[in-house]
Amino acid sequence: MKAVRIHRHGGPEVLIYEEIETPKPGPGEILVRNRAAGVNFTDIYARTGFLYDLDLPTVLGKEGAGEVLAVGDGVAEFAIGDRVAYTETMGAYAEQTVVPAHYAVHIPAALSYETAAASMLKGLTAQYLLRHTFRVEPGQTVLVHAAAGGVGLILAQWANHLGATVIGTAGSAEKVELALQSGCHHVVNYREEDFVAKVQETTKGEGCHVVYDGVGRDVAKGSLDCLRPRGYYVNFGWASGPVDPIDPMDLIRKGSLYVTSPGLTLYLAKREDVVANAQELFDVILSGSVKIRTHTILPLTEAAEAHRQIQSRGIIGSIVLRP
């Protein structure tokens, strides 16, 4: 079968489209024929060697959707022909992927493979951030950085749906407009304005209950100054680079703040969490409260171009690869 692998870490040029052996599912696993695979910043981290310690060569991609071709011993929830989506499983940039049944879910009939593949990792990230890491309630104020990005668009719409006042940041006039159309009540172009000053002005000096930050270094320090006393700074991504060290004494001085950097895997540790979190995600999508925006769909052969577009930070929405 065909797949995209890396044999060494580096730039997009290390992504090689090649023939590899078709895998077989073992106990507790299913074999999925991929119809779509999502592209995420976590794939950039894997390709460059940041954050992940991978055995090379390896197939990249941590979310996909397709139908079940085979099931391994001990798998009772899935059968051949089932439409499924999955995440937290390296290897989605391929025609077929072996997936632990633990991380797979059935796709509702009304959802396309492309929507499912574009929403699993990003959507489940938004789900745990909003419903578990800091549980957003009506009347609260939240700040979403990169509000026109893949996760940011979902966060903004979902937080609005939960009754919060949503302030977003974005890096262009086009992205500002999209964020305003996608759940944000106020949006700051951080390339032209001081987002801290605008947040304080918008909140009349009270600050936000929580900041959701998938950008990292460029906005981390300022994010702390956007919070009200005992507010939460939640860093879940590093598009601009890792966050510089934070002095705990600063957290006291700035209002007894909380800082956390959560990851999706631990929120999916139990099978019942995978099913329940995915069901809540699919429910808000099917209700129309959250719309999954796809920037572009590219053939699997153009995985390198997908990575270049992601790293440019100029895209709006998600990129999907189609085997």
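Student: Let's start with Glu-88: buried or exposed?

Tutor: Glu-88 counts as buried because its relative accessibility is 15%; buried means under 20% relative accessible area, exposed over 50%, and partly exposed in between, with a 1.4 Å probe and protein chains only. This is a predicted model, where local features need pLDDT of at least 70 and side-chain atom pairs pLDDT 80 or more, while totals for chains, interfaces and linings use all residues. Residues are numbered from 1 along each chain as its sequence is written, and side-chain values use heavy atoms, without hydrogens and water.

Student: Got it. Where is Glu-88 found?

Tutor: In the loop between β6 (83-87) and β7 (96-100). Helices (H or I, at least four residues) and strands (E, at least two) are DSSP runs numbered from the N terminus. Glu-88 is not a glycine, yet it has a positive phi of about 55°.

Student: And what about the phi of Ser-256?

Tutor: Ser-256 is also not glycine, and its phi is positive, near 55°. You'll find Ser-256 in the loop between α7 (248-253) and β14 (258-260). With a relative accessible area of 42%, Ser-256 is partly exposed.

Student: Which residues does the cis peptide bond join?

Tutor: Leu-56 and Pro-57, with omega about 0°. Pro-57 sits in the loop between α1 and β4 (58-59). For background, most peptide bonds are trans, and most residues other than glycine have a negative phi.

Student: New topic! What does the side chain of Asn-34 reach?

Tutor: The backbone oxygen of Ala-94, at 2.8 Å. Asn-34 belongs to strand β3 (residues 29-39), and at 3% relative accessibility Asn-34 is buried.

Student: Which residues does Asn-34 touch?

Tutor: Leaving out residues up to four places away in sequence, they include Tyr-86, Glu-95, Thr-97 and Pro-323. Contact here means heavy atoms within 4.5 Å.

Student: Now helices. At what angle do α2 and α3 pack?

Tutor: Helix α2 (residues 113-133) and helix α3 (residues 150-161) pack at about 45°, and their axes are 9 Å apart. Axes are lines fitted to C-alpha atoms, for helices over the stretch in contact, with angles from 0 to 180 degrees between N-to-C directions. So α2 and α3 are oblique to each other; under 35 degrees counts as roughly parallel, over 145 as roughly antiparallel, 65 to 115 as roughly perpendicular, and the rest as oblique.

Student: Which residues make that contact?

Tutor: Among them are Lys-122, Leu-129 and Leu-130 of α2, and Val-151, Ile-154 and Trp-158 of α3.

How values were computed
Polar contact = N/O pair within 3.5 Å; in protein donor to acceptor, adjacent residues only side chain to side chain.
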